[in-house]
Structures are given as structure tokens and as C-alpha cells.
Amino acid sequence: MILPRCAACGRIMTLTGYVTSNGELVCQRHTGAQPSVCCGLPADLSLGADRPLCPRCATSAVRTQQDVKRVLPPIAARLRSLSIRTTTPVRVRLVPFGEVQGLLGGHGEVLGVTVSLGSEVVDLMVVRDLPLARFGAVVAHEVMHAYLAQQGFGMLPPEVAEGLCELLAHAWLKDQPGAPAQWERRRISENPDPVYGGGFRAARAAAIRVGGVRRMLEHVRRCGEFP
Ligand SMILES: [Zn+2]
Ligand SMILES: [Zn+2]
């Protein structure tokens, strides 16, 4: 018989404890601990992050512009290989979590914002202290907003725009190793929000229907809606 171990401290599970939303077991020793905002494991508040993170999330967290310089190039390269090329190199500006909340109405916490004027992308902000898998997914999402603006897709219905952005985030996560990337993919595909989750599922279904993302994007550009 194999006794399960606590995902937080590695010790043998106690008879009582709890299960995080990612399905990880946490032992009773952490009862009452504040959960990490990204994975639900007990947070270590001494890490000095903007928001509570567990040591595992903190290890890969993108905390400074120096970190961005290190982790962004492979993310941008992968997005280009998925044929999403922005006309200017992507610049990511890290911002404190509190700075971007309330900028967009009504879809939970805001982790990234792209500001464009017509076809010009003037700013791409990502909340600092996100673990790498979440950071990459947010970057991919925002890069798609930048791409749609630069390529002249015009004003799209929210579920079309956000659905396309979530589709790129999901595609980027597909070849990232490790459980956090898998959790991020599930968070996207099972998101109950009608605009983000519903948009993603509609985009994915439309791409399958017309035989690929390229053709689906061509249709959206022409008609402003999913085929
Ligand atoms: Zn434990
Ligand atoms: Zn964590």
C-alpha cells in the first residue's frame, strides 16, 4: 500500500486535510493557511510577493523586468511558430496586481491588459508575480489582442475576441511541460465564464469545423464572427 503524501510539505497525509481545485492533497498541518492565488497550496507570506504564493509558484514567478527579459524570448518565439506574428516585437510591462483591477468590467481578476489605438499597440501589461505557466498564458492571450489590432480585425464581439485570445493561450500551453501548464489548460477549457470560456469553446469548435485556425481567422477577419 502506498500512503499519499501532502503536496505542500511532502509528509504522509493525515486522515483529514483538503483537496485543492487542481486535485492536490494537503494535510491537516496547514489548516487555516492562506492559499496561493495560483494553485491553492498553502502560501508562504514571507516571500514578499504582491499576492500570496506557495514556494513552488514563487520559484517560477516572473517578478522583475529582468525576469521578463529571460523568459519572454522563448514564449514569443513559440507564438511566432504558431503563425501569430506581431508587426513590432512584443514588449511586456509588469504592473502591480492592484493597478489593473477594475480596468475591464466584470470578468473576475485582470491579469493582463493590451492598449491599442486603432492598429497601433501602445502598451501590453501583465501582472507581476505570476508563476511561469500563468505568465506565458497571459502573454499569449495579450499577444493575440495585439495581433487582432495590428491586423485590422476591428471591433469584434467580446466572446469572439476573448475566445481567440484564449485559444492562443491554450495552444501555447500545449507544449509546456509539467502539471501547472496542464492546470492552466483545464482552467481555460472549463472556464464557466460565457465570454472567456464560452468564447474559447466556440473558437475551438469553429476551427475544427472549417479545417484549421488559419481559415477560421480569415473568416473572422471578413465577417467579424466565428464561421
Ligand atoms: Zn502538509
Ligand atoms: Zn502554488
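Reader: Is aspartate 129 buried or exposed?
Author: In this predicted model, aspartate 129 is buried, because its relative accessibility is 6% and the limit for buried is under 20%.

Reader: Where does aspartate 129 lie?
Author: Aspartate 129 is in the loop that runs between strand S5 (120-127) and helix H4 (132-150). Its phi is positive, about 70 degrees, although aspartate 129 is not a glycine.

Reader: And serine 83, what is its phi?
Author: The phi of serine 83 is near 70 degrees, again a positive value in a residue other than glycine. Serine 83 belongs to the loop between helix H2 (65-81) and strand S3 (93-95). With a relative accessible area of 35%, serine 83 is partly exposed.

Reader: How many salt bridges does the whole structure have?
Author: The search finds 11 salt bridges. One of them joins arginine 56 to glutamate 24, with the closest N and O atoms 3.0 Å apart. That pair links distant parts of the chain, since arginine 56 is in helix H1 (residues 55-60) and glutamate 24 in the loop between S1 and S2, 32 residues apart.

Reader: How accessible are arginine 56 and glutamate 24?
Author: Arginine 56 counts as partly exposed, with 35% relative accessibility, whereas glutamate 24 is buried at 14%.

Reader: Which residue does aspartate 123 pair with?
Author: The side chain of aspartate 123 meets that of arginine 93 in a salt bridge, 2.8 Å from N to O. Arginine 93 is partly exposed, at 36% relative accessibility.

Reader: Which residues do salt bridges with shared partners join into one network?
Author: The network consists of Arg51, Glu109, Arg134, Glu184 and Arg187.

Reader: Turning to the metals, what coordinates the zinc ion (ligand 1)?
Author: Cys6 (SG), Cys9 (SG), Cys27 (SG) and His30 (NE2) coordinate the zinc ion (ligand 1), at 2.1 to 2.3 Å. The site is tetrahedral, with angles of 103 to 115 degrees among its 4 donor atoms. Along the chain, these donors follow the spacing C-x2-C-x17-C-x2-H.

Reader: Which parts of the chain hold cysteine 6 and cysteine 27?
Author: Cysteine 6 lies in the segment before strand S1 (17-19), while cysteine 27 is in strand S2 (residues 25-27), so the pair ties together parts that are 21 residues apart in sequence. Cysteine 6 is buried, with a relative accessible area of 3%, and cysteine 27 is buried as well, at 0%.

Reader: What are the protein donors of the zinc ion (ligand 2)?
Author: The protein donors of the zinc ion (ligand 2) are Cys39 (SG), Cys54 (SG) and Cys57 (SG), lying 2.1 Å from the ion. Their spacing is C-x14-C-x2-C. Cysteine 54 is buried, at a relative accessible area of 1%, and cysteine 57 is buried at 7%.

Reader: How many disulfides does the search find?
Author: The search of the whole structure finds 0 disulfides. For cysteine 38, the nearest cysteine sulfur is that of cysteine 57, 5.2 Å away. Cysteine 38 is buried, with a relative accessible area of 14%.

Reader: Which residues form the nonpolar patch on the surface?
Author: Met1, Leu3 and Ile12 form that patch, and together they have about 370 Å² of accessible area. Isoleucine 12 is in the segment before S1 and is partly exposed, at 33% relative accessibility.

Reader: Finally, where is threonine 87?
Author: Threonine 87 is in the loop between H2 and S3, and it is exposed at 57% relative accessible area. Its C-alpha atom is 7.1 Å from that of glutamine 150, although the two residues are 63 apart along the chain.

Note on methods. Residues numbered from 1 in each chain as written. Chains lettered and ligands numbered in written order. Predicted model: local features only at pLDDT ≥ 70, side-chain atom pairs only at ≥ 80, totals over all residues. Heavy atoms only, no water. Donors = N, O, S within 2.8 Å, 3.2 Å for Na, K, Ca; no water. Buried < 20%, exposed > 50% of the residue type's maximum accessible area, 1.4 Å probe, protein only. Tetrahedral: all angles 85-135°; square planar, octahedral: opposite > 155°, others 65-115°. Helix = DSSP H or I, 4+ residues; strand = E, 2+ residues; numbered from the N terminus. Patch = residues over 30% accessible without salt bridge, like charges linked within 9 Å, V, L, I, M, F, W, Y side chains within 5 Å. Areas by Shrake-Rupley, 256 points an atom, 1.4 Å probe, with all protein chains shown as cover. Salt bridge = Lys/Arg side-chain N within 4 Å of Asp/Glu carboxyl O. Disulfide = S-S within 2.5 Å.
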